[in-house]
Amino acid sequence: MQSLKEICEEWAPRLGLAHWEIAVRWADEKDLEEMTPWAESDVKFKPCAEKAVIRVKREGDYKQLDRSERHDVEAIVVHELLHLVFSHFTYGEDDGIKDSLFDIGIDRIAKCLVKLKNCPCGDGKGGEKQ
């Protein structure tokens, strides 16, 4: 299994974030106190400085709402990286519904990208089968 750092180093350039300074790590006890109980991860970022910190919870450290889905660490990291891609869209401008829908969309895109990367019909880099 790839480490969080390896996943981030693989995906950041694919998403146009190679120039960002991104730290990615497992959430510790202090992080868990700050983070939403049902969230698998979070990201704190400064778009103007192009710096970010991604914190990922270990499976079992969050309240999993849907037990049918596995804890896909690669999709989780890609999800948080996508927040950086869309970092200039601001949160908190309405009652939270817009934020939730935006997050659902990012989650779907992240899972799709990881699934496409791992698709046996391609080269693992998004290319066509030769």
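Two strands are taken to pair if DSSP finds at least two bridges between them; strands (E, at least two residues) and helices (H or I, at least four) are DSSP runs numbered from the N terminus. The model is predicted, so that local features need pLDDT of at least 70 and side-chain atom pairs count only at pLDDT 80 or more, whereas totals for chains, interfaces and linings use all residues. Residues are numbered from 1 along each chain as its sequence is written, and side-chain values use heavy atoms, with hydrogens and water left out.

**View 1. Pairing of S2 with S3.** Phe45 stands opposite Ala52 in S3. Six bridges join S2 and S3 (residues 51-56) in the antiparallel sense.

**View 2. The open sheet.** Three strands in the order S1-S3-S2 form an open sheet with mixed pairing. S1 (21-26) and S2 (41-46) are the edge strands, each pairing on one side only. From one strand to the next the twist averages 10 degrees.

**View 3. Helices on the sheet.** H1 (residues 4-14) lies across S1 and S3 and runs at about 145 degrees to S1; axes are lines fitted to C-alpha atoms, for helices over the stretch in contact, and angles between N-to-C directions run from 0 to 180 degrees. H3 (residues 73-85) packs on the sheet, touching S1, S2 and S3, and its direction makes about 30 degrees with that of S2. Contact means heavy atoms within 4.5 Å.

**View 4. H1 against H4.** The axes of H1 and H4 (residues 97-117) come within 13 Å and cross at roughly 100 degrees. The contact involves Glu10, Trp11 and Arg14 of H1 and Leu113, Val114 and Lys117 of H4.
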